[in-house]
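Here is a short briefing on one protein model. Keep the structure open beside the text as you read.

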Amino acid sequence: MDKIIKVYVSPGIYWVEVPEADLRIQCGCPADSIKHLIKRGMVIQKESKGMPCETGPNAILLSDMMVQNGSFSNLGEFTVLQMLYKQGMILPNHPNNTGVKPLIIGMPEQVSAQMQYIYRGNYGLVSEAEMIQAGATPELAKTNLRMKLSFAFGKISSSADFLDTLMVGDNTVEIRNGVTIERLEMNIFRFGYQDESVEVNLNLEPDQQYESAYPLGFQKIDREFFAVVHSGEGDGWDINRPTMSSILMYHGKIYLIDAGPNLLHNLTALGIGLDEIAGIFHTHAHDDHFAGIPTLMQAGHKLTYFAEPMVRASVQKKVAALLSTEEERFEDFFNIHDLKMGVWNDLNGLEVKPLFSPHPQETTIFLFRTLGDEGYKTYAHFADIVAQDVLKGMIEEDESKPGVTQAFYDQIAQEYLQSVDLKKVDIGGGMIHGVAKDFIEDKSKKIILSHTCKALTRKEKMIGSNAPHGATDILIPSKTFFLQKHAIKYLKGCFPEMRKHDRHILLNNDIIEYNPGEIVCKRGEIPTGAFLLLTGIVEKLHAEESITSQLSAGALIGELTGLHGTPSGATYRCASYVEMLHIPTALYIELVSRNNMMQEIASTWSVRSFLKTTHLFGEGVSHTRLGRIINTIQTQHFEPGQVITCRDLGSLNVVHKGRFARKVGSETIDTLKARDFFGEEGAVFDFPCLFRIEALEPSVTYQIPGPLVENIPVVRWKLFESYLKRAMRIIHAGKKTEVFTWREEFNVQVSGMDTQHKRLVEIANSIIEILRSTQDRGSLERAFETLEDYTKYHFDAEEKVMEQYGYPDLEEHKKLHATLMERVRQFRTDLQDIKSLQNIDFKTFFTNWLVQHILTEDRKYGTFLNNQCIF
């Protein structure tokens with residue numbers, strides 16, 4: 001019998017078990033990973049010494065990469081909850097509570113990020129100061145914290161209070177009871193026990209995605225005036241349905257209410273593309289309502305993020321923890337629209353009222369209403385809520401103790417039971433969810449019972465209805481053909497220079513419906529015209545490049561091949577129900593010629609065709625935006641051995657022909673070929689480049705100004721994900737690449753400050769690389785300017801948080817910061833007098849300048865803040 005059992009669960013997820021060592025490791029934990037374990041039988045119901053519980057893992061191995069192919073890789077929230085509560089590892093007097101904590105294993109950066117993410121997932125904002133900073137009144141902040149402490153049994157605890165951690169570096173380490181783990185390569189691990197070993201590979205293939213735990217049938221959804229599409233009624237444990245969510249339609253526009261796991265899978269089944277979505281209304285940041293956020297960060301335009309400010313702040317902190325980045329980076333991907341609690345917020349006729357809902361972290365429920373010919377129609381979305389019995393048990397009038405007042409209880413009970421046209425309610429039960437019986441007296445016209453993995457009981461069926469996936473409740477029917485309105489908008493985006501009446505001629509053509517899986521045009525075929533995608537998702541498959549792109553509303557298919565009568569270079573296949581406007585070739589050519597557009601289209605045809613086959617620009621970038629990019633492209637030629645200068649690294653370079661080596665020092669990190677890219681550090685992220693780029697053969701790049709792409713979320717996300725992979729690889733190469741290596745002891749255990757310290761290390765490594773590999777003073781000057789600017793930003797952030805929490809040594813710390821700033825300015829000035837850059841010992845300066853400050857002074861405020869539950 002094998003001593004080590006290894007089971008493939010799903011892409012990016014393995015199960016490794018060593019029964020003799022009582023070790024069961026879930027390797028990889030993307031969204032809904034616990035559901036995969038349930039379906040594979042790794043989690044089952046049982047009794048332990050007469051007490052009901054579940055089996056399951058007692059350790060999690062994290063991915064080395066925080067994101068893979070557009071999705072978060074490390075979302076262990078529900079697996080941790082399963083270990084602690086459903087297995088009983090934290091429950092008092094439970095036989096599975098042996099004093100051994102669940103274990104989080106992985107790279108130090110990922111373990112630290114996971115602990116902070118779980119902490120924020122448990123509690124959201126953790127102090128009155130944080131709540132007030134987010135926009136709460138002092139009274140609301142006090143009420144919220146008292147209520148949270150009641151849910152938390154009187155204490156906000158660090159993740160380390162209930163989880164153990166194991167850092168896996170470059171050497172073999174023991175996990176428990178003789179079981180060892182060793183990292184072989186990035187995301188590839190070997191487990192050993194006695195004379196046996198197994199390997200697991202957590203990397204996804206370039207075209208691979210984390211899988212949904214459940215299949216969904218395809219639905220065809222009409223765009224309505226005011227309607228609710230039921231996109232999920234399950235909870236975080238339901239293995240057959242998406243988690244509770246809704247899609248709100250208003251004036252034919254699409255808004256999401258929450259973004260749960262497998263969001264893209266869910267939207268595809270409903271025939272909704274990312275570029276059709278106008279915005280998201282967010283209730284709170286638990287994973288079953290949050291895990292789809294990175295999907296929305298990859299739209300072709302910035303979606304509007306609607307939330308109450310405290311909810312928004314808690315979401316920003318959780319995203320920042322997972323991505324190890326600054327909280328304000330959230331605004332790189334969303335347009336933020338804060339909603340006022342308890343009042344109607346008018347959003348161009350759609351009125352929204354967020355209401356406070358008692359929950360362990362910041363949560364609001366929503367009321368939506370708009371006017372129709374019969375007056376207002378209202379939809380209430382109540383996720384997550386609390387059972388009245390639970391809330392009643394929290395009543396405590398002594399404001400110095402955890403709890404809520406009687407007046408607070410009465411207000412919540414009244415708000416929950418207000419009568420509306422359609423109400424969806426959480427009936428998940430337990431300590432933090434609602435129950436159906438609280439709505440027996442509710443006079444709403446229709447109640448949907450949601451947020452449960454169980455079948456409705458007989459009594460529950462008498463209170464409310466079910467809503468199958470994709471079912472639609474139309475509150476105000478449409479008397480407008482919204483599809484035509486959208487087509488007009490999309491045609492204007494594709495042909496802004498075409499006369500309006502000619503665009504209307506294009507509009508007067510057939511709208512063709514396609515079924516999921518149907519091919520629109522095969523590679524090598526000459527299309528019958530151009531196709532304007534109006535609803536649904538179409539896959540674009542490039543045979544040679546093994547690239548699959550997803551196109552959604554507004555995309556134009558066949559516009560280039562139709563004009564020239566050339567075969568299609570890709571196969572277009574419907575991933576959902578699809579509606580497209582078919583523009584016959586002859587009409588298309590005539591109107592393009594009549595508007596004198598032929599020459600411009602012909603002149604940009606080759607560049608546009610090429611860019612649309614790349615990973616960066618193959619999906620999500622509108623026709624108009626791609627046109628703007630093409631109009632500003634500069635073509636650059638490089639000879640073999642030529643090193644790319646600081647000026648060229650200030651633009652995003654897409655390789656058109658040839659090959660380049662990306663190097664750190666003398667070591668080649670990777671080789672870039674056609675359709676790869678470089679230079680995003682300086683062009684988009686405003687960071688000096690850590691890498692040196694050298695042409696290996698005669699090569700050509702298309703250079704694109706950073707400002708043209710930095711506000712396209714899908715492009716920014718792909719650049720960010722690519723940069724993360726390379727930076728992680730370099731920083732942990734350590735001695736091999738001679739860069740400054742981040743070590744665990746540098747952490748001050750305050751997540752935001754640790755993130756900023758790591759960013760300073762990245763900048764320092766860029767300077768080390770410039771000094772070692774080039775004599776480019778322009779690059780060096782820009783890198784030092786970035787170091788000085790970011791240091792000031794970091795010091796200001798430190799001083800702000802120290803002042804916020806009353807750090808007693810703040811004034812002395814400010815003086816130290818002033819001294820450090822003066823030292824880096826002086827070092828930068830002294831560089832002007834040094835003839836050879838090779839004589840500069842920056843690494844020693846950086847160690848003495850900042851690292852010693854972190855190890856001594858910053859650790860002091862870290863301990864102080866940790867004692868106030870700030871981690």
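In what order do the six strands of the open sheet stand? The model is predicted, and in it the order reads β1-β2-β3-β6-β9-β10. The pairing in this sheet is mixed.

**Sheet layout**

- β1 (5-10) and β10 (164-167) are the edge strands. Each has a single partner strand, so one side of each is left without a neighbour in the sheet.
- From one strand to the next, the twist averages 20 degrees.
- Strand β2 spans residues 13-18 and is mostly covered. Five of its six residues are buried.

**Strand pairs and turns**

- β1 and β2 run antiparallel and are joined by five bridges. Within this pair, I5 faces E17 of β2 as its opposite residue.
- Two residues lie between the strands in the β1 and β2 hairpin. There, G12 takes a positive phi near 80 degrees.
- β2 and β3 are also linked by five bridges, in the antiparallel sense. E17 has R24 in β3 as its bridge partner.
- The hairpin of β2 and β3 has four residues between its strands. D22 in this hairpin has a positive phi near 55 degrees.
- At the other end of the order, β9 (residues 103-106) pairs with β10 in the parallel sense. Four bridges hold this pairing, and I104 stands opposite T165 in β10.

**Helices across the sheet**

- Helix α2, residues 77-86, lies across β3 (23-27), β6 (59-61) and β9. Its direction is at about 165 degrees to β6.
- Helix α3, residues 108-123, lies across β9 and β10. It runs at about 145 degrees to β9.

**A helix pair: α17 and α18**

- Helix α17 (residues 598-611) packs on helix α18 (residues 623-632) at an angle of about 120 degrees. The two axes are 10 Å apart.
- The crossing of α17 past α18 is right-handed.
- From α17, the residues in the contact are T604, V607, R608 and L611. From α18, they are H623, L626, G627, I630 and N631.
- By type, the contact residues split into four nonpolar, four polar and one charged.

**A buried serine**

- Beyond residues up to four places away in sequence, S314 touches G124, L125, A285, Q361 and E362.

**Nonpolar cores**

- In soluble globular proteins, nonpolar side chains tend to be buried together.
- How many residues does the largest nonpolar core hold? The count is 139.
- Inside this core, I293, L296, F617 and F842 have the most contacts.
- F842 is in contact with A764, I767, I768, L771, F784, L787 and F827, leaving aside neighbours within four places in sequence.
- Another core, of 28 residues, lies apart from the largest one. Its members include I385, Y409, I412 and L456.

How values were computed: Residues numbered from 1 in each chain as written. Predicted model: local features only at pLDDT ≥ 70, side-chain atom pairs only at ≥ 80, totals over all residues. Heavy atoms only, no water. Pairing = 2+ DSSP bridges. Axes fitted to C-alpha atoms, helices over the stretch in contact; angles between N-to-C directions. Contact = heavy atoms within 4.5 Å. Left-handed = near helix turned anticlockwise from the far one by under 90°. Nonpolar A, V, L, I, M, F, W, Y, C, P; charged D, E, K, R; others polar. Core = buried A, V, L, I, M, F, W, Y, C linked by side-chain atoms within 4.5 Å. Buried < 20%, exposed > 50% of the residue type's maximum accessible area, 1.4 Å probe, protein only.
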